[in-house]
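Here is a short briefing on the model shown below.

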Amino acid sequence: MTDTKGTGPVLEAEGVHLSFGSTPALRGADLTVERGEILAVMGPSGSGKSTLLHCLAGILVPDAGEIRFDGRRIDGLGESERSALRRDRFGFVFQFGQLVPELTAEENVALPLLLGGMRRAAAVQRARSWFGRLGLDGLEQRRSGELSGGQAQRVALARGLVAEPEILFTDEPTGALDSLTGEQVMALLVSAAREQGTTVLLVTHDARVAAYADREVVVRDGRVNSYSSPRVGS
Amino acid sequence: MSVPLTLLGLLEREPSHGYDLKRDYDTLFGRGKPLPFGQVYATLGRLARDGKVVVGEAEPGDGPDRKRYVITDAGATEFETWLGEPVAAEPHLQTVLFTKVVLALMLGRDAERYLDTQRAAHLARMRELTEVKRTGSLVDALLADHGLFHLESDLRWIDLTAARLDALRTEVTTR
């Protein structure tokens, strides 16, 4: 999957508008995400940061503007093409309800590989390799109801990264966790993403989570504000 | 907090007498710790010596001080530079942040941009401390956490202030 990587920004939004009914969520959002960077998207509740993530990931289609992945426009693609993109090139970690309760932890992790057409034995074998990396040894056969919040989120993280996506989209990944567990999940997320060169788009309102990123942008009133490193005085 | 720069900020608004400067300073920034008259005049004297303000002729009237102080171009430039710079992202600097925001609002400057710049400076420092946590010992992490929690507290204040800027502007400019 990584052989299709090009040069230049991996993801771009230009003049993106999207309204829900008569309520505008994005009003000309511009964003450039460099390959391999970990970018925090911050902003107050209702600012449009999650909507922007959904547009960039091909989950929502903007009313106007362009979304480019690897230099190619994806906002005009049909649902099946966007679905394939999400399955084959992107990974996702959200705050709640991500694991399929009927499946074991290792089946949950293997799910993106199985959906991508990998044979079951190979998919499960690759899924198992993530349990040691994320401190989940011995939990492979547990179902989501038998995992703590931190364990479940690490399983979700393994599932988001197992197919070696080019971009990991993550929305408040530690929002449901206590401080220490959240920090452990973030440290693992950053280490794993850096190891495999995955670009990470991290939506969060939490400055301590955003501090794990390489840089941050702030979404306000549906637009993206980006700041260069400021000169510090006294 | 920098008294000379704060007085320059008050003079940027309009030329003032020492007494008026003290009154405005105490009202806006004193918070129970009024500025002694001696410090006001000593500071104004140093600012005049350094070419940051000029002192007008003594005006007739009651009281010891009837001189009007006027900010110079050099003083205005120094104030503008200070106002536009983020404060070094260290804990316990809320007073300086507070002063800058009030002065920016009073003078019709872009307080939101200042808060944005400060937010970026705080996050840059938080990134450094987070990296210390990721790569250092547990003792390093403990120290880094102390700084991170204080910086996070400042950031919450910055976000809340940003959300209240319109109301604050009204309150500060109608005093």
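**Chain contact**

The contact takes 20 residues from chain B and 16 residues from chain A. Two residues are in contact if their C-beta atoms, placed from the backbone, lie within 7 Å. This is a predicted model: local features need pLDDT of at least 70, side-chain atom pairs count only at pLDDT 80 or more, and totals for chains, interfaces and linings use all residues. Residues are numbered from 1 along each chain as its sequence is written, with chains lettered from A and ligands numbered from 1 in the order in which they are written.

- On the side of chain B that touches chain A, the largest share, 10 residues, comes from H6(B).
- That side of chain B divides into 12 nonpolar, 2 polar and 6 charged residues. Ala, Val, Leu, Ile, Met, Phe, Trp, Tyr, Cys and Pro count as nonpolar, Asp, Glu, Lys and Arg as charged, and the others, Gly among them, as polar.

**Helix H4 of chain B**

- Gly75(B), Phe79(B), Trp82(B) and Leu83(B) are buried in H4(B) (20 or more other C-beta atoms within 10 Å of the residue's own, C-beta atoms being placed from the backbone).
- They cover an arc of only 100 degrees around the axis, so they sit on the same side of H4(B). The arc is that of the directions from the helix axis to the C-beta atoms.
- Asp73(B), Thr77(B) and Thr81(B), on the other side of H4(B), are exposed (12 or fewer such atoms).
- Helices (H or I, at least four residues) and strands (E, at least two) are DSSP runs, numbered from the N terminus.

**Sheet of chain A**

- In chain A, 4 strands form an open antiparallel sheet, ordered S2-S1-S4-S5. Strands pair if DSSP finds at least two bridges between them.
- S2 (23-33) and S5 (72-73) of chain A stand at the edges with a single partner strand each, so one side of each has no neighbour in the sheet.
- S1 (residues 11-20) and S4 (residues 64-69) of chain A pair over 5 bridges.
- Leu11(A) stands opposite Phe69(A) in S4(A).
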